[in-house]
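Work through the exercises below with the sequence and the 3D view at hand. Try each task before reading its solution.

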Amino acid sequence: MPFAYMILIWTLSSMPDNAVVELPDSTVDSFVKESLHLVEFAILYLLLVGALLTTGKFSFRASLICGLIACGYGLLDEIHQSFVPARSATIIDFVKDVTGVLVASYFVMRAYRKHGFERIMGYFRG
């Protein structure tokens, strides 16, 4: 799933920002699309963590690696967008990407420290 999601991010980043949806109110449209930076790479981080949970090899170090991969892909996405006509790349967008990953990782690690994902891991053990 993480790789399919990464392909989706890359594909959507290759299009103008209004190619998929454009809300009637430009202020709301801009706010929603800018806010998606916070969510987009947090989802990628969560998908990477989920993939690791299926192997039973989740740890603090693994979470850190997932976070670095998600943030690195956020940086790569911003660089990619700088070459796409009608798209832009900014440091602020990258900061939003990283912020989303950090918030998601905070909640994941908090839950992991509290109960080690026993219930979730039970679903994967069958």
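The exercises that follow concern a predicted model.

**Exercise 1.** Find how many salt bridges the structure holds, and identify the residues that form a salt bridge.

Solution. Step 1: the count is one salt bridge. Step 2: the partners are Asp 93 and Lys 96, whose closest N and O atoms are 3.5 Å apart. Step 3: the cut-off is 4 Å, so the 3.5 Å between Asp 93 and Lys 96 meets the criterion.

**Exercise 2.** Determine where Asp 93 and Lys 96 sit in helix α4, and whether they are buried or exposed.

Solution. Step 1: helix α4 covers residues 91-115. Step 2: Asp 93 and Lys 96 are three residues apart in this helix, so about one helical turn separates them. Step 3: both Asp 93 and Lys 96 are buried.

**Exercise 3.** Describe the surroundings of Ala 70.

Solution. Step 1: Ala 70 belongs to helix α3, residues 60-81. Step 2: the relative accessible area of Ala 70 is 0%; buried means under 20%, so Ala 70 is buried. Step 3: beyond its neighbours within four places in sequence, Ala 70 contacts Phe 41, Leu 44, Tyr 45, Leu 48 and Val 101. Step 4: Leu 48 is 22 residues from Ala 70 along the chain, and their C-alpha atoms are 8.2 Å apart.

**Exercise 4.** Which residues does Glu 78 touch, not counting residues up to four places away in sequence?

Solution. Step 1: Glu 78 is in helix α3. Step 2: Glu 78 is buried, its relative accessible area being 4%. Step 3: the residues touched by Glu 78, apart from those up to four places away in sequence, are His 37, Ser 88, Ala 89, Thr 90, Asp 93, Phe 94 and Asp 97. Step 4: one of these, Asp 93, also forms a salt bridge with Lys 96.

How values were computed
Residues numbered from 1 in each chain as written. Predicted model: local features only at pLDDT ≥ 70, side-chain atom pairs only at ≥ 80, totals over all residues. Heavy atoms only, no water. Salt bridge = Lys/Arg side-chain N within 4 Å of Asp/Glu carboxyl O. Helix = DSSP H or I, 4+ residues; strand = E, 2+ residues; numbered from the N terminus. Buried < 20%, exposed > 50% of the residue type's maximum accessible area, 1.4 Å probe, protein only. Contact = heavy atoms within 4.5 Å.
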